[in-house]
Amino acid sequence: MNMRTALRRLLPSVLILALLTPGSDGDDLEKQWCIADEQTPDDILQAALDWACGPGGADCKMIQPNKPCYLPNTVKDHASYAFNSYWQRYKNGGGSCYFGAAAMVSDLDPSHGACQIESLP
């Protein structure tokens, strides 16, 4: 059997495998979130959180009491939500996920329970 014949026989199997493999559509590879760096002290995270929810223009309604992303009520979790809100809104216009080295980009979805944290292209 020559190489061309072997490839013709193998190609349908490879395509089927690619279609059946979870995440093979590439959607998961494109999703990213901006989250608080766990090594950043709370006072630094709080200052960055205050900026993001104030002058930065992040939508911080969902981390208010009695909202889906209020719990866990930690500076790190609230900062992650605010950082991501800011970054998703402004990343295509030059906004960064830096926050004075208090944040980082992650490909792991930080959503939990009723708190769904968006990731936009």
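Modeller: A term to begin with: helices and strands here are DSSP runs, numbered from the N terminus. This is a predicted model. Ala 101 sits in the loop between α4 and β2 (103-106).

Biologist: What makes Ala 101 partly exposed?

Modeller: Buried means under 20% relative accessible area, and exposed means over 50%. Ala 101 has 42%, so Ala 101 is partly exposed. Its phi is near 70°, a positive value in a residue other than glycine.

Biologist: Why does Asn 66 count as exposed?

Modeller: The relative accessibility of Asn 66 is 79%. The cut-off for exposed is over 50%, so Asn 66 counts as exposed. Asn 66 lies in the loop between α3 and α4. Asn 66 also has a positive phi, about 70°, although it is not a glycine.

Biologist: How do you know that the bond from Leu 71 to Pro 72 is cis?

Modeller: Its omega is near 0°. Pro 72 is in the loop between α3 and α4.

Biologist: Which residues have the most contacts inside the largest nonpolar core?

Modeller: Cys 34, Phe 83 and Phe 99, in a core of 24 residues. The elements giving two or more residues to this core are β1, α3 (42-53) and α4. α4 gives the most, with six.

Biologist: What does Phe 83 touch?

Modeller: Contact means heavy atoms within 4.5 Å. Leaving out residues up to four places away in sequence, the partners of Phe 83 include Cys 34, Leu 45, Leu 49 and Phe 99.

Notes:
Residues are numbered from 1 along each chain as its sequence is written. This is a predicted model: local features need pLDDT of at least 70, side-chain atom pairs count only at pLDDT 80 or more; totals for chains, interfaces and linings use all residues. Side-chain values use heavy atoms; hydrogens and water are left out. A nonpolar core is a set of buried Ala, Val, Leu, Ile, Met, Phe, Trp, Tyr and Cys residues joined through side-chain atoms within 4.5 Å. Buried means under 20% relative accessible area, exposed over 50%, partly exposed in between (1.4 Å probe, protein chains only). Helices (H or I, at least four residues) and strands (E, at least two) are DSSP runs, numbered from the N terminus.
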